[in-house]
Amino acid sequence: MSDEPILLSKALASFDALWSPRIVTRVNDYDVRIAKVEGEHIWHVHDDTDEFFLVLDGELRISLREPDGERTVLLPQGAVFTVPRGTGHKPYAPSGAAILMFEPAGTPTVGDRHDEIPDHVDATTGHTLNL
């Protein structure tokens, strides 16, 4: 991890891959990840951890499977949202977005349970940021 400030705009400009998060820094045992996203991710569940989203640019939607049924939350630029542990969810960004996520180090991007993983989704625990 860097001991210097990291400009998120520079970090985002350092890669083009979609749905392939980069680890910007760590806070205790948590990764701070950024990603470029467009189109749909997959339905997945994190059994033991919440997942925090901050929209840096664009607009993100997250469909949720909750006890009362499905709903979708809309996150414009600057919005934050936490998906509670154990909740099925599917992020998507029809027009593209840049997001920041905060979750325990080693958390897979496709959760503990998930639909089939298409080629455009990177099943990873985050990649090292190369600036």
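## Pocket, cavity and nonpolar cores

The lining of the largest pocket divides into 8 nonpolar, 2 polar and 2 charged residues. This description rests on a predicted model. The space in this largest pocket amounts to about 180 Å³. Its lining comprises 12 residues, of which Ser2, Ile6, Val24, Leu129 and Leu131 are the closest to the pocket centre.

The structure also holds 1 cavity of 30 Å³ or more. The volume of the largest cavity is about 120 Å³. Among its 14 lining residues, Trp19, His41, Glu51, Met101 and Thr109 lie closest to the centre. E2, E4 and E7 are the elements that give two or more residues to this lining, and E7 gives the most, with 4 residues.

The two spaces are set out below.

| Space | Volume | Lining by class |
|---|---|---|
| Largest pocket | about 180 Å³ | 8 nonpolar, 2 polar, 2 charged residues |
| Largest cavity | about 120 Å³ | 8 nonpolar, 3 polar, 3 charged residues |

The largest nonpolar core has 17 residues, and those with the most contacts inside it are Val37, Phe53, Leu60, Ile62, Leu75, Phe81 and Ile99. At least two residues of this core come from each of strands E2 (30-40), E4 (51-66), E5 (69-76), E6 (80-83) and E7 (88-104). E4 supplies the largest share, 5 residues. Leaving aside neighbours within four places in sequence, Ile99 is in contact with Arg33, Ile34, Ala35, Val37, Phe53, Leu54, Val55, Leu56 and Leu60. Another core, of 9 residues, lies apart from the largest one and includes Ala11, Val24, Ile34 and Leu129.

Notes
Residues numbered from 1 in each chain as written. Predicted model: local features only at pLDDT ≥ 70, side-chain atom pairs only at ≥ 80, totals over all residues. Heavy atoms only, no water. 1 Å grid on protein atoms, 1.4 Å probe; cavity = no way out; pocket = protein on both sides within 12 Å on 5 of 7 lines; lining within 4 Å. Points joined across faces, edges and corners; volume = space filled by probe spheres on them. Nonpolar A, V, L, I, M, F, W, Y, C, P; charged D, E, K, R; others polar. Core = buried A, V, L, I, M, F, W, Y, C linked by side-chain atoms within 4.5 Å. Buried < 20%, exposed > 50% of the residue type's maximum accessible area, 1.4 Å probe, protein only. Contact = heavy atoms within 4.5 Å.
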